[in-house]
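These are my notebook entries on a single protein model. I record what I looked up, in the order in which I looked.

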Amino acid sequence: MQPYILSPVVSYLIGAIPFSLILGKVCCGIDIRRHGSKNSGATNIFRILGPRFGIPAAALDAGKGAAAVIIMRMFMEKTDFSGNSLYPQLLAVLFAVIGHSFPVFARFRGGKGIATAAGAITAVFPMVAVYCFAIFLSITFLTGFVSVASLSAATLFLVFIATGTSMPSLTHQTGSTIFAAAVTGLVWYTHRKNLLRLFSGEENRFFFNKNQKHTVNKPENT
């Protein structure tokens, strides 16, 4: 039972490391949650501070998702865990995203969880992650709406797991589908405000041109 107890705790704490918030404060002296969408995820720091900080933030968020899964996998190997090796890893995916979205280290004000989910899913289902990432990039380029791209990729992830597409050897498909549905549902929940803005025509578009970003007037010591 150790992996089932350890996985949620460790994965949550890893996911809760607020890299975007840290980058904003250490490198630029600002609280990223006070600018742009007031979100502490990689998309907002990319929009506010440009790719110089947005790309490392996204990479770090994805890295912590992958790290949660890899650490759990190493622990299972070290303890010769004989149970279903997939479920603790799926728990790591789910709780790493929860940690990112509701981080204890940042007063539970986190990001949307997309980059963290992407990194964690890549560690468990690499081919599925490739397809979802391709969909994410395509929709982002075509529409400019990261929220639409994120929700589409998260939904596609659930479809892949539920149908076993590209994973003919996937065992315990019902249990895996439940975990996938939980991750997808969490992503939809964290994007609830984006959905309202989309329906009202007020959602911000994402520009890849580094010159098209918000202006930060002055540092904030918060």
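Entry 1, surface. I began with a nonpolar patch on the surface, formed by Val-9, Leu-13, Val-104, Phe-105 and Phe-108. Together these residues have about 470 Å² of accessible area. I then located Leu-13, which sits in helix α1, residues 2-15.

The model is predicted, so I checked the confidence next. The mean pLDDT of the protein is 85, with 86% of its residues at 70 or more. I noted that pLDDT stays under 50 over residues 210-215, where the model has 8 contacts beyond four places in sequence. I noted also that pLDDT stays under 50 over residues 217-222, with 12 such contacts. Where pLDDT is low, the predicted coordinates should not be read in detail.

Entry 3, helix α4. I compared the length of helix α4 (residues 51-78) with expectation: at 1.5 Å a residue its 28 residues should span 40 Å, and its end C-alpha atoms are 39 Å apart, which agrees. I listed the buried residues of α4, among them Phe-53, Ala-57, Asp-61, Lys-64, Val-69, Met-72 and Met-76. An α-helix has 3.6 residues a turn, so residues three or four places apart point the same way. I found that the buried residues of α4 pack against α1, α2 (19-28), α3 (42-49), α5 (86-101) and α6 (114-124). Just after α4, I recorded a positive phi of about 55° at Asp-80.

Key:
Residues are numbered from 1 along each chain as its sequence is written. This is a predicted model: local features need pLDDT of at least 70, side-chain atom pairs count only at pLDDT 80 or more; totals for chains, interfaces and linings use all residues. Side-chain values use heavy atoms; hydrogens and water are left out. pLDDT is the predictor's confidence in each residue, from 0 to 100. Contact means heavy atoms within 4.5 Å. Patches are made of residues with over 30% relative accessible area and no salt bridge: like charges are joined within 9 Å, nonpolar side chains (Val, Leu, Ile, Met, Phe, Trp, Tyr) within 5 Å. Accessible areas come from the Shrake-Rupley method with a 1.4 Å probe; for residues, only the protein chains shown count as cover. A salt bridge is a side-chain nitrogen of Lys or Arg within 4 Å of a carboxyl oxygen of Asp or Glu. Helices (H or I, at least four residues) and strands (E, at least two) are DSSP runs, numbered from the N terminus. The expected span of a helix is 1.5 Å times one less than its number of residues. Buried means under 20% relative accessible area, exposed over 50%, partly exposed in between (1.4 Å probe, protein chains only).
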